[in-house]
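Work through the exercises below with the model at hand. Each task is followed by a stepwise solution.

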Amino acid sequence: MADLAAGLDSVLLIADSYKVTHHRQYPPNTSIVYSYFESRGGKFPATCFFGLQYILKRWLVGQVVTREKIEEAREIFQLHFGQNVFNEEGWNYILEHHNGYLPLRIKAVPEGTVVPTKNVLFTVENTDPKCYWLTNYFETVLVQAWYPMTVATNSRAQKEIIARYLHETSDSTAGLPFKLHDFGFRGSSSVESAGIGGMAHLVNFQGTDTIAAVTTARKFYGCPMAGFSIPAAEHSTITSWGVDREKEAFQNMLTQFPTGLMACVSDSYDIWHACGKLWGEELKQLVEDRGENGTLVVRPDSGDPSEVVIKVLNILGEKFGTSSNTKGYKVLPSCVRVIQGDGISYETVAQILENLKKSKWSTDMVTFGSGGALLQRLDRDTQKCAYKCSYAVIDGKEVSVFKDPVTDHGKKSKKGRLTLECHNGKFVTYEEGKGDPNKDIMQVVFENGKLLKDFDFAEVRKNAEIDLVKKKSDS
Ligand SMILES: O=C1OCCC/C1=C\Nc1ccccc1
């Protein structure tokens, strides 16, 4: 019996089923199919392009077509369709004439680039006229780039909000990279997607608890350590001491981690008592005497985020004292801070920061954690990501290809060969080959099975930087 477990790593088996039947459906003598990927619009006006390189390296680069995979696919598709629709000849041709390398050319905007929606982001075409059917075979896995780019876009939008409030209410934006911590590992749909999405968040920030994100960045973007975390409690490590020993549990955290940052979830029973009596009185001296850079980060984890964060700050301010920064906002001594990791999303973070500002607290006193909203509560429609054929060569004649549904002209697709150019800082997509290929921002990143451009994470982060941080004038 064939090995039933195989197949989960075969490039022949990562397409939607119907694509297996598409080689028979194009016009006779089709020699080129050229398609493009865009964000047609959606929640954010611009998309931070990220994650194509992961897909290329994970699935398409190298000698990905083998005799075994062809045999296996033939067997699986015979069972799956109950008839012979598999393009064995086509795949054998790739194996025999291209030595298992995929004869495709992919041009893409540099990873991390922020591009207004409705612009081309990458193009795909076959480089061997016999393999016209290959371009759209890989739509399925290439369109999955929607996920990392949408996470990066959503995460970046929150960075802009936090940066604005930091700029308005604190002495420095230096802490910005650690202001939104990834809490999303458990709420992700799989370890792989947590790695991809967690890595996308790290394009914009440096705080994460999603270990898969740093391992994925190491493997696919050459980044030895893309994100950082600190010693932190969870409810079990506090509640296991019993309701009458929360103080002992807190004291243990202070003695086990005597220097640096340490976070302690403090809402197991009564956060007001925890802040006012335990941290603010009985353990106050220990908190203030912690070693160099010793900072206790109090973590509420329930209640209305706006109300709770401000009330926690007010109690801690009462107990540990406050001073005023150069912008006139309240700051706590460096030995204590707050992290709010419950209910944080693009929709709520602005409101919480506005309430903080109204209460005259510096944004620098708080860090945020975000889980499901950061890595999971998004879909392909958030940025309306789509892949469409815009050009073909049939019987040796070039043709523009498009759709324009009478039932939704928002789904109208672009025509012809596309280039993306930048004119006085504005991105413009040229259709019908009317652009200047020498000015195309899109670069060939993949050709005939080889990765031609390997982005490292630092380059991606630089491309994705937000304006406020770019302007040196604001420090
Ligand atoms: O609450 C959580 O849910 C799930 C993910 C991790 C997590 C908290 N971690 C943490 C890290 C650094 C400072 C504070 C908390």
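**Exercise 1.** Determine which residues of α1 meet which residues of α8, and classify the packing.

Solution. Leu52, Gln53, Tyr54, Lys57 and Arg58 in α1 meet Thr216, Phe220 and Tyr221 in α8; contact means heavy atoms within 4.5 Å. By class, this contact has 4 nonpolar, 2 polar and 2 charged residues. The model is predicted: local features need pLDDT of at least 70, side-chain atom pairs pLDDT 80 or more, while totals for chains, interfaces and linings use all residues. Numbering starts from 1 along each chain as its sequence is written, and side-chain values use heavy atoms, without hydrogens and water.

Next, the geometry. Helix α1 (residues 52-60) packs on helix α8 (residues 211-221) at about 70 degrees, with the axes 10 Å apart. Therefore α1 is roughly perpendicular to α8 (65 to 115 degrees; under 35 counts as roughly parallel, over 145 as roughly antiparallel, the rest as oblique).

**Exercise 2.** Classify the packing of α6 and α14 from their axes.

Solution. The axes of α6 (residues 146-169) and α14 (residues 346-358) come within 10 Å and cross at roughly 5 degrees. The two helices are therefore roughly parallel. Among the residues making the contact are Ile161 and Tyr165 of α6 and Leu353 of α14. By class, there are 8 nonpolar, 3 polar and 3 charged residues.

Key. Axes fitted to C-alpha atoms, helices over the stretch in contact; angles between N-to-C directions. Helix = DSSP H or I, 4+ residues; strand = E, 2+ residues; numbered from the N terminus. Nonpolar A, V, L, I, M, F, W, Y, C, P; charged D, E, K, R; others polar.
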